[in-house]
Amino acid sequence: MVPMRSMTLPWRLSVLIPLLMGLPQCIKAQDTLREPLPPDNYGTMPLSQTLEPTTNPYGTTGMSNIVSAEPLGAGRIGMQLRGNFYEQNNAYPGTPAQNAQVTTLTLGTALGLNPYIDGFVGGDAYNVRSSGSQSGLGTTFLGAQGTLPLPDYVPIRLGMQVMSLFGTSSDQINTSPTTQGQAGAYGYNYLETRRYTDLSAKLTQSLLFVGDEMGLKIHFNEGVISSFQPDKDVLLVTGVGVQFIVMPALVLGLEANDRTFLANPKASDPFWVTPSLVFRTQAHLNIEAGADISLTKNQPDGTQTLTPWRGFIALSMSYDTQAEMKRRQAEQARQQQMEMEALQRQAKQAEITKDSLARAEADSVARAKAVADSLAVKAHQDSIALAATQNALTQEISERSDEEKQLLGTGMLLLDAVYFQTGKTDISINSDPYLKLIAKMLTKYPKLQIEVAGHTDNVGGADYNMGLSQGRAQAVMDYMISVEPDLNGRLTAKGYGLTRPKAPNTTAAGRKLNRRTELHVINKEALKEYNP
């Protein structure tokens, strides 16, 4: 039978490889490297799982031992003070005395350097109480972690953490050797009381399924630790954690962690689980409690590499130093939107006024022409009127735009300057002038019945794309009617989804051609009246 510990690395790879295979598609889907604007009441709301994330001992997002691939965000500070306690139930070579009480403290502080990179720093202290009391400085650490800039709607976060663990401890609490007599890596507090400097590199992956009130997060970590300690083999550290957001103020967690030598894994190497509970207050403060519970087998000589349990409690603080700036950005965006809407109303009123003057002028010309007709000779009048009509039609045809020629000549017009946000039906503000021009053009041909047709590529399911194309076609139709009310009753909207591609969806260029919005003339017999 293959030992359980030897299955660790293949098992971790089986989790990591599918995530890495999906990475190219996630990168293609990214829209922007800018952080989204915060909500209107950002910084004034009570606690939520978005504004006050759970943190790990380094001050970054995560759990008790697991690092999340979620970034803090630009300008956000995360801090955690954590206390750990256990009693050495049995004494072994390299461990504290039997019944010794061991306490360690960890203080970590992190700062979001930009939307996707965090830096962190901190240190540990320890106290061992037996026949006497011994205290000292533990390990100090400095590191950074980054996250790939994937769009918000992708439920996967992928990142990496690098860290230096400086051997500033005055004493390594647990120095138990391996069965081969080499320096071990035992005890919950192994990394908290190092006398040698270590370098750590860790891959992080997070799956996020979070709603407004409840949610689920799953985190994976795979990393290695290389030490400057002589004859110290490289360590493999892996872990998986699950967070259940029961309500915005309560998060339940369960983790599994192991630490083993990469070259010689053994079932007696540290392996433990950690249930935890986080209570999040409305004062930027989280309170966490839990326990590390050993599932490690004893060494052949009976030595325990982990005590049966270790309890901990932690206080975490998270505060956004740029909250005021982000509120101002949100207010500026709202103000710009209001100004844009006011300009659109003014433009619409100007169009209505212009149309009224044009109709009044046309009425005046008609009355003058009627008087002239009554005074002119009928034959001469008919001849002049016929010539004038032919000249006007010829001139109108010559002055038609390319869009008019395409629509009246083929019965179809591709709206190639209409843009949408990826996966949404909101029309980009850059498309407004173009759509106003098209709407105004359609008023010149009142006998045409027009269908606004939406099409998509094959990214996503058929039902999803059908709904997306229908929503986009409806948005274009509504907008043109809003700027030209005379079009009401002449326009219809229909989404065709991915059913009518213009090019194969096997290439990016083909998919781009297939994402389009078109105008189709429904009553094509009416085109004859505008094409003599």
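## The second largest cavity

In this predicted model, the second largest cavity holds about 70 Å³ of space. Its lining is made up of Tyr 86, Gln 88, Tyr 92, Thr 95, Asn 174, Gly 187, Tyr 188, Gln 304, Thr 305, Leu 306 and Thr 307. Sorted by class, that lining has 4 nonpolar and 7 polar residues, with no charged ones.

## The largest cavity

Searching the whole structure turns up 3 cavities of 30 Å³ or more. The largest cavity has a volume of about 520 Å³, and 30 residues line it.

The lining of the largest cavity includes 12 nonpolar, 10 polar and 8 charged residues.

## A closer look at Gln 172

Now let us visit the loop between strand 5 and strand 6, where Gln 172 is found. Is Gln 172 buried or exposed? Its relative accessible area is 8%, which is under 20%, so Gln 172 counts as buried.

Which residues does Gln 172 touch, leaving aside neighbours within four places in sequence? Gln 172 is in contact with Asn 189, Tyr 190, Thr 193, Arg 194 and Arg 195. With Thr 193, the side chain of Gln 172 reaches the backbone oxygen at 3.4 Å.

Technical notes: Residues are numbered from 1 along each chain as its sequence is written. This is a predicted model: local features need pLDDT of at least 70, side-chain atom pairs count only at pLDDT 80 or more; totals for chains, interfaces and linings use all residues. Side-chain values use heavy atoms; hydrogens and water are left out. On a 1 Å grid over the protein atoms alone, a cavity is a set of points where a 1.4 Å probe fits but cannot get out, and a pocket is an open set with protein on both sides within 12 Å along at least five of seven lines; lining residues have an atom within 4 Å of a point. Grid points are joined across faces, edges and corners, and a volume is the space filled by probe spheres set on the points. Ala, Val, Leu, Ile, Met, Phe, Trp, Tyr, Cys and Pro count as nonpolar, Asp, Glu, Lys and Arg as charged, and the others, Gly among them, as polar. Helices (H or I, at least four residues) and strands (E, at least two) are DSSP runs, numbered from the N terminus. Buried means under 20% relative accessible area, exposed over 50%, partly exposed in between (1.4 Å probe, protein chains only). Contact means heavy atoms within 4.5 Å. A polar contact is a pair of N or O atoms within 3.5 Å; within protein, one must be able to donate a hydrogen and the other to accept it, and residues adjacent in sequence count only if both atoms are side-chain atoms.
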